[in-house]
Amino acid sequence: MLDNSEGYVTEDGRKIGGVVMEMKNITLRFGGVVAIKDISFDIREGEIRAIIGPNGAGKSSMLNVISGFYIPQEGEVWFHGAKRPQMRPYEVARQGIARTFQNIALFEGMSVLDNVMTGRLNYMKTNLFQQAMWKGKAEAEEVENREAVEKIIDFLEIQHIRKTPVSRLPYGLKKRVELARALAAEPKLLLLDEPMAGMNVEEKEDMSRFILDVNDEFGTTIALIEHDMGVVMDLSDRVVVMDYGKKIGDGTPDEVRSNQEVIDAYLGVSHD
Amino acid sequence: MGRRKRLAQTQSGAEGMHSLPALLHRNATQFGDAPAYREKEFGIWQCWTWAETAREIRAIALGFLELGVEKGDHIAVIGRNRPAHYWSMVAAQMVGAVPVPLYQDAVAEEMAYVLDHCGAKYVVCGDQEQVDKVIEIQENLHQVKHILYTDKRGMRKYDHSQMNALDDLMAEGSAGHARFDEELDRRIAEIEYDGTCVMLYTSGTTGKPKGVVLSNRNVIESAKNSAEFDHLNRNEDILSYLPMAWVGDFIFSIGQAYWCGFCVNCPESADTMMTDLREIGPTYFFAPPRVFETQLTNVMIRMEDAGKLKQRMFHHFMAHAKKVGGLLLDGKPVGFGDRVKYALGNLLVYGPLKDTLGYSRFRVGYTAGEAIGPEIFDFYRSLGINLKQLYGQTEATVFITVQPDGEVRADTVGVPAPDVELKIDDKGEIHYRSPGVFVEYYNNPDSTASTKDAEGWVATGDAGFIEESSGHLRIIDRAKDVGKMADGSMFAPKYVENKLKFYPDILEVVLFGNGKDRCVAFINIDLTAVGNWAERNNVAYASYQELTANPRVLETIRSHVEEVNKSVAADEMLSGCQVHRFVVLHKELDADDGEMTRTRKVRRGFVEDKFSDIIDALYDGSKQVSTTTEVTYEDGRKGSISATLEIIDVPVVPVAQHKVAAE
């Protein structure tokens with residue numbers, strides 16, 4: 001069932017649309033371990049949706065369910081008003097979902113430009129033979145895709161490392177390149193797995209700005225997992241809080257912040 | 001029509017051109033198809049011909065008229081080097097307004113002073129960051145009527161009642177051209193040769209910035225004279241990357257570019273400057289010594305990582321270049337064998353190296369603003385790169401003295417530029433008079449009067465002398481910085497500072513000693529050079545501050561200072577300026593903290609006040625000093641860092657008898 005409500009308007013005046021993706025009673029098990037237990041929530045068009053929780057809460061598993069990498073034993077994933085059948089990750093990517101990884105997964109030996117170009121794979125229609133011949137269609141296609149990639153390189157301010165092999169880059173920049181690759185796919189829904197992990201304050205500020213700009217400029221819906229509470233509360237429109245595979249809170253940052261269960265999960269509960 | 005014939009026309013056709021818009025018109029009609037601007041965007045060099053440029057500028061000017069820009073209004077331009085920003089300045093001139101380029105890295109409060117002082121009603125901003133600063137300033141200033149911006153990113157949510165994208169303004173201007181064409185042509189016709197061309201704020205090593213008013217005559221005469229001096233023509237390519245608020249950039253990227261009709265290339269971003277330099281390969285180039293120093297440091301660092309064979313080849317041929325390269329460049333006689341060997345070196349080493357640096361097509365170039373180390377200077381010249389020095393000021397529309405081809409030396413700044421008269425007063429201060437002498441300091445008749453006398457002579461504030469044998473000018477120091485030590489011998493800090501700064505490990509030095517019995521110094525290490533050394537020697541460090549306190553670093557710096565002391569002792573007049581004690585500062589001197597000007601000159605007085613506790617410790621004999629310093633982050637927030645600094649004693653060479661300057 002698709003929620004057809006009109007959406008809402010955020011504090012800073014952005015209009016959030018209807019539901020794009022809905023998770024219904026998802027349960028995910030690895031053998032006897034229950035990673036996610038009966039969780040439901042939705043993601044609306046144009047919003048920044050965060051999933052937070054302590055270590056081992058099942059956040060990354062949740063993201064993997066959204067991206068189609070894990071197939072839940074129970075529950076349904078609805079995307080754009082239709083129940084999603086079992087899919088392979090590349091099929092999910094074709095539906096307009098792109099992601100970054102907690103541990104950077106770039107092609108280390110390739111240049112930044114080539115890495116970002118791989119994000120355009122779904123827009124390349126010519127076959128291997130045509131590309132090897134390089135004339136006509138393949139060339140036109142390459143030019144077109146390169147233009148799209150250059151706009152993203154400009155947007156994320158990584159012109160100066162365009163031709164640098166990824167292995168030579170510092171961590172913060174690698175994260176940015178990964179974001180660039182995800183953006184190159186022109187996703188409708190962008191999944192970010194701990195985009196700020198291991199960053200210093202300045203890098204975090206930069207990354208936050210880019211996430212907000214992406215959302216603002218391209219209207220991309222973003223779902224992110226993040227440890228840094230400060231960042232999450234500043235960035236997101238709505239937050240899902242997980243603990244031990246269960247959903248313990250869902251709402252605006254303010255609502256979540258005052259939720260007793262959430263406070264307990266993060267600060268611990270005294271048992272006397 | 002042959003190229004030569006067209007060139008000849010360019011030169012003669014320029015006579016009687018009394019404004020930049022007039023030169024633009026000439027360029028667009030005489031060689032409209034030639035490239036005027038290039039900017040790298042989205043990975044490709046985008047190009048505009050002179051004819052296209054004329055159309056773009058006219059569209060902006062029409063847009064200005066539609067906004068209601070009046071004659072005499074000031075239009076501030078804040079942003080990095082981009083064609084649209086240069087065009088905005090010329091468009092402002094077309095409608096009779098005065099363009100005022102500002103330093104884009106200035107924090108809001110610095111910018112507030114300048115905007116308030118010139119009363120700018122319109123501001124052209126490069127991006128959201130600059131717009132935010134102007135909006136912040138506007139809360140107190142309420143004078144800005146309209147903001148224009150070039151980069152649309154992040155701007156959608158702003159209130160656009162008093163704001164527009166420059167693109168949109170141009171579209172509106174073009175659409176409404178029928179209404180304003182006549183008015184615009186009338187305003188262009190009204191531009192006078194002695195009218196204001198541009199207003200540039202001097203960085204000011206002391207006190208508040210001053211708005212230097214330059215007339216069309218100043219700019220055009222200076223551009224003409226300097227272009228003829230170096231035989232610049234319309235086939236030159238330059239890379240425009242220096243701050244637009246600096247007089248040099250205005251003269252090179254607008255004055256000379258419009259006079260000669262050559263092409264101005266704008267880098268993709270500040271970070272890509274070196275790559276873009278290589279891609280463009282400018283024929284005419286300008287850079288402060290720091291750029292050349294950084295490049296040389298990088299070359300040396302990379303050579304150390306190269307294979308044995310390459311290293312040996314590099315050092316062998318560089319030694320040969322050192323011997324004959326400079327002579328060849330100056331057209332001096334060189335033996336046949338040496339010529340052949342140099343040609344071989346060019347094939348194997350110099351050529352590829354120049355290509356890597358982006359200097360393959362380098363025909364003539366200048367360094368100015370600070371003294372350049374003789375080794376660095378000679379390195380570039382020995383490669384066959386015609387690097388020269390000039391001495392100039394905003395108030396002179398850049399040119400006071402320049403080095404002619406064949407008379408280039410590291411220790412002078414050349415002979416008076418064409419049409420420049422020079423004199424040294426009895427106190428040793430340099431004065432000049434030229435067609436480039438500024439009109440006035442804006443709204444500041446007192447400063448104007450104390451700098452420029454009734455006959456048009458301008459005091460530079462620099463002390464120097466003219467070398468009798470060659471007629472070249474040599475600069476000693478800022479006149480007000482030259483002092484006397486307690487025993488009456490001369491104190492000229494820059495002389496010693498420069499000697500120290502020529503070591504790659506040392507970035508900046510401030511020498512103290514005026515009125516004292518001995519000299520002490522602050523030293524900033526160069527993070528690139530010292531950091532690289534640390535990496536190769538397995539010295540671990542977590543921060544700049546930690547590296548500055550490393551005993552091995554301190555020992556290295558101490559040995560540099562000791563060597564400099566020996567060389568200073570050999571100078572009769574300045575032997576008293578040897579450094580007795582020094583500290584390596586825990587932070588880099590920075591313009592954001594007010595310790596330097598935006599053109600990276602040390603504000604001596606300010607530094608002396610701010611770090612007075614350290615200076616006291618240097619003089620009272622303590623072994624170390626604890627200090628807390630306020631720092632300003634790039635976004636304007638304040639913080640503080642504290643440190644305990646080691647004070648290092650350095651042996652000095654005893655001087656038997658101080659020779660006091662002829663008294």
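**Exercise 1.** Which residues is A:Ser60 in contact with, leaving aside its neighbours within four places in sequence?

Solution. The model is a predicted one. Begin with the position: A:Ser60 belongs to helix α1 of chain A, residues 59-66. Next, set aside the neighbours within four places in sequence; A:Ser60 is then in contact with A:Gln102, A:Asp193 and A:Ile225. As for A:Gly7, 53 residues apart from A:Ser60 along the chain, the two C-alpha atoms are separated by 27 Å.

**Exercise 2.** Decide why A:Ser60 counts as partly exposed.

Solution. Count the other C-beta atoms within 10 Å of A:Ser60: there are 18. A residue is buried at 20 or more and exposed at 12 or fewer. The count of 18 lies in between, so A:Ser60 is partly exposed.

**Exercise 3.** Describe the open sheet of chain B and find its edge strands.

Solution. First, write down the order of the 5 strands, which is β4-β3-β5-β6-β7, with parallel pairing. Then look for strands that pair on one side only: these are β4 (98-102) and β7 (163-165) of chain B. Neighbouring strands of the sheet are turned by 20° against each other on average, direction ignored. Finally, take strand β6 (residues 146-149) of chain B, which is joined to β7(B) by 3 bridges. Across this pair, B:Tyr149 stands opposite B:Ala165 of β7(B).

**Exercise 4.** Work out what chain A brings to its contact with chain B.

Solution. Chain A gives 11 residues and chain B gives 9 residues. On the side of chain A, α5 (137-155) and α7 (201-218) each supply at least two residues. The largest share, 4 residues, comes from α5(A). Sorted by type, the residues on this side are 9 charged, 2 polar and no nonpolar.

Technical notes. Residues numbered from 1 in each chain as written. Chains lettered and ligands numbered in written order. Predicted model: local features only at pLDDT ≥ 70, side-chain atom pairs only at ≥ 80, totals over all residues. Contact = placed C-beta atoms within 7 Å. Pairing = 2+ DSSP bridges. Axes fitted to C-alpha atoms, helices over the stretch in contact; angles between N-to-C directions. Nonpolar A, V, L, I, M, F, W, Y, C, P; charged D, E, K, R; others polar.
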